[in-house]
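Subject: Structure handover

Hi,

Here is the structure I promised to pass on. Please have it open while you read the notes below.

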Amino acid sequence: MINLHSLNDPQFGKLIDILEIHDYNREDQAWPSSSSNSVDRAASVALSLDMPFFMGEAGISVSGSRTHEQRAEMFDDKFREFFAHDGAGYLIWRFSNDEYDDGCSTGHCFTIGDPLLDVIQNYPR
């Protein structure tokens with residue numbers, strides 16, 4: 001993994017052909033842009049280098065008072081913004097056939113019947 005500042009070096013940028021972004025810390029923002037390592041900053045760097053970028057991991061938890069329906073709406077907002085900014089693809093952490101899977105304890109999993117699946121169907125593949 002490299003930091004975004006390294007991509008500004010013309011020699012280093014020639015070695016990279018796609019940029020992966022992660023989005024976990026700003027669940028409530030459709031297009032996080034408030035830090036030097038934000039989704040907005042990463043996308044801006046990729047576009048300035050004429051490089052495609054994709055969301056390699058994103059998660060919104062349903063723990064607490066957030067419902068599955070609310071999470072689906074939040075992801076819909078994130079997808080809309082991401083693809084409007086020319087994002088190449090989007091991966092969500094994580095799908096499981098079993099809601100009781102050990103990895104689902106943080107509320108980040110989505111399973112069969114989750115409203116998020118309906119939202120995903122509306123975006124390019």
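This is a predicted model: local features need pLDDT of at least 70, side-chain atom pairs count only at pLDDT 80 or more; totals for chains, interfaces and linings use all residues.

Residues are numbered from 1 along each chain as its sequence is written, and side-chain values use heavy atoms, with hydrogens and water left out.

**The core**

The largest nonpolar core has 23 residues. A core here is a set of buried Ala, Val, Leu, Ile, Met, Phe, Trp, Tyr and Cys residues joined through side-chain atoms within 4.5 Å; buried means under 20% relative accessible area, exposed over 50%, and partly exposed in between, with a 1.4 Å probe and protein chains only. The residues with the most contacts inside this core are Phe-53, Met-55, Phe-75, Phe-79, Tyr-90, Ile-92 and Leu-116. Two or more core residues come from each of strand S1 (19-23), helix H2 (39-48), strand S2 (53-58), helix H3 (68-84) and helix H4 (115-120), and H3 gives the most, with 5 residues. These elements are DSSP runs numbered from the N terminus (helices: H or I, at least four residues; strands: E, at least two).

Tyr-90 deserves a look of its own. Leaving out residues up to four places away in sequence, Tyr-90 touches Asp-23, Met-55, Ala-58, Phe-75, Lys-78, Phe-79, Phe-82 and Phe-83 (contact: heavy atoms within 4.5 Å).

**The cavity**

A cavity is a set of points on a 1 Å grid over the protein atoms alone where a 1.4 Å probe fits but cannot get out, and lining residues have an atom within 4 Å of a point. The lining consists of Asp-23, Ala-30, Trp-31, Pro-32, Val-39, Met-55, Lys-78, Phe-82 and Tyr-90.

**Salt bridges**

The model has 5 salt bridges, each a side-chain nitrogen of Lys or Arg within 4 Å of a carboxyl oxygen of Asp or Glu. One of them joins Lys-78 and Asp-23, at 2.7 Å from N to O. This pair links distant parts of the chain, with Lys-78 in helix H3 and Asp-23 in strand S1, 55 residues apart. Lys-78 counts as buried because its relative accessibility is 3%, and Asp-23 is likewise buried, at 5%.

Another connects Arg-66 with Glu-27, the closest N and O atoms again being 2.7 Å apart. Here two loops are linked: Arg-66 lies between S2 and H3, and Glu-27 between S1 and H2, 39 residues apart. Arg-66 is partly exposed at 23% relative accessibility, whereas Glu-27 counts as buried at 19%.

Within helix H3, Asp-76 and Arg-80 are 4 residues apart, so about one helical turn separates them. Their closest N and O atoms are 3.0 Å apart, and Asp-77 joins both in a network of salt bridges.

**A loop residue**

Where is Pro-52? It sits in the loop between H2 and S2 and is partly exposed, at 39% relative accessibility. Beyond its neighbours within four places in sequence, Pro-52 is in contact with Asp-17, Ile-18, Leu-19 and Ala-88. Pro-52 and Asp-17 are 35 residues apart in sequence and 7.4 Å apart in space, C-alpha to C-alpha.

Best wishes

Terms used:
On a 1 Å grid over the protein atoms alone, a cavity is a set of points where a 1.4 Å probe fits but cannot get out, and a pocket is an open set with protein on both sides within 12 Å along at least five of seven lines; lining residues have an atom within 4 Å of a point.
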